Amino acid sequence: MKTDMLKRLGLAMLIAMMAGGLVACEDDPGPAEEAGQNIDEAMEDAGEGIEEMGDEIQDSAEEN
């Protein structure tokens, strides 16, 4: 009888945790996620700038 009650309690807790996980998955990013996205964009822009600079240096070296 106790094992039956423990199984039901465990199942109820599992369902509650899964439902809580679904509620936590919002579409609006939090401040940490927004900061991470901003850092990613800044790093991508910096990488593109360095790549362009490298191309310009290579073109300049080929002309001389």
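Glu51 sits in helix H2, which spans residues 31–63. The model is a predicted one. Glu51 counts as exposed because its relative accessible area is 55%, and the cut-off for exposed is over 50%. Glu51 is also one member of a negative surface patch.

Now step back to the whole chain. The protein has 64 residues, and buried ones make up 0% of them. Buried here means under 20% relative accessible area. The secondary structure consists of 2 helices and 0 strands. The accessible surface of the protein is about 6200 Å². Carbon and sulfur atoms hold 61% of that surface.

Helix H1 covers residues 2–24 and includes Met18. Is Met18 buried or exposed? Met18 counts as exposed because its relative accessibility is 54%. Met18 also belongs to a nonpolar surface patch, together with Leu11, Leu14 and Ile15. That nonpolar patch has an area of about 410 Å².

How many salt bridges does the count give? The count comes to 1. The partners are Arg8 and Asp4, whose closest N and O atoms are 4.0 Å apart. Both residues lie in helix H1. They are 4 residues apart, or about one turn of the helix.

The accessibility of each partner can be read in turn. Arg8 has a relative accessible area of 60%, so Arg8 is exposed. Asp4 has 42% relative accessibility, so Asp4 counts as partly exposed. The partly exposed class lies between the buried limit of under 20% and the exposed limit of over 50%.

Key:
Residues numbered from 1 in each chain as written. Predicted model: local features only at pLDDT ≥ 70, side-chain atom pairs only at ≥ 80, totals over all residues. Heavy atoms only, no water. Patch = residues over 30% accessible without salt bridge, like charges linked within 9 Å, V, L, I, M, F, W, Y side chains within 5 Å. Areas by Shrake-Rupley, 256 points an atom, 1.4 Å probe, with all protein chains shown as cover. Salt bridge = Lys/Arg side-chain N within 4 Å of Asp/Glu carboxyl O. Buried < 20%, exposed > 50% of the residue type's maximum accessible area, 1.4 Å probe, protein only. Lys, Arg positive; Asp, Glu negative; His and termini not counted. Charge placed at Lys NZ, Arg CZ, Asp CG, Glu CD.
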